[in-house]
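Grab a pencil and have the sequence and the 3D view ready. We'll work through a few exercises together, one step at a time.

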Amino acid sequence: FPGIALTTDSSTLTAIANDYSYEDVFSKQVRALGRPNDVLLAISTSGNSENVNRAIVAAHDRGVSVVGLSGRDGGRMAGLLEQGDVEIRVPADRTARIQEVHLVVIHCLCDLIDTILLARD
């Protein structure tokens, strides 16, 4: 399955950050690459990361569904999610604990996708 990590292309990240703003580094990529029926995995420990939240708005504009991973009270991210999106919120206050659970959740999501889409045992 095709997938793109929006965090790994340093040329794209620096160009967008320099020419627009760091808050747009993900949303510009989502607007350029996102297609209906794609899924954006948005991860923010606090739910208040502006660059992640702008990517969620861009995803909705492009017909892209969102799986949001957050912590604490869900932050602003919680209010941006729409019907059909999935929110996975870690009800903890410690950043380290939230991030540890996010790692487990991501592994579970990968396993679930393999199991369902590839019909693996």
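## Exercise 1: a charged network

Asp-24, Glu-50, Arg-54 and Arg-76 are linked in a network of salt bridges (a salt bridge is a side-chain nitrogen of Lys or Arg within 4 Å of a carboxyl oxygen of Asp or Glu). Before you start, note that this is a predicted model, where local features need pLDDT of at least 70 and side-chain atom pairs count only at pLDDT 80 or more, while totals for chains, interfaces and linings use all residues. Residues are numbered from 1 along each chain as its sequence is written, and side-chain values use heavy atoms, with hydrogens and water left out.

**Task.** Find Glu-50 and Arg-54 and work out how their side chains meet.

*Step 1.* Look at the two side chains: Glu-50 and Arg-54 form a salt bridge, at 3.0 Å from N to O.

*Step 2.* Now check the spacing. The two are four residues apart in helix H3, so about one helical turn separates Glu-50 from Arg-54. (Helices are DSSP runs of H or I with at least four residues, strands are runs of E with at least two, and both are numbered from the N terminus.)

*Step 3.* Finish with accessibility. Glu-50 is partly exposed at 31% relative accessible area, and Arg-54 is partly exposed at 30%. (Buried means under 20% relative accessible area, exposed over 50%, and partly exposed in between, using a 1.4 Å probe and protein chains only.)

## Exercise 2: another helix

**Task.** Which residue forms a salt bridge with Arg-97?

*Step 1.* The partner is Glu-100, with the closest N and O atoms 2.1 Å apart.

*Step 2.* Both Arg-97 and Glu-100 sit in helix H5 (residues 95-117), three residues apart, or about one turn of the helix.

*Step 3.* Arg-97 comes out as partly exposed at 37%, and Glu-100 as partly exposed at 40%.

## Exercise 3: into the core

**Task.** Which residues of the largest nonpolar core touch the most other members?

*Step 1.* Recall the term: a nonpolar core is a set of buried Ala, Val, Leu, Ile, Met, Phe, Trp, Tyr and Cys residues joined through side-chain atoms within 4.5 Å.

*Step 2.* This core has 17 residues, and the ones touching the most other members are Phe-26, Val-30, Leu-40, Ala-42, Ile-56 and Val-66.

*Step 3.* Helix H1 (10-19), strand S1 (39-43) and helix H3 (50-61) each give two or more residues to this core. H3 provides the largest share, five residues.
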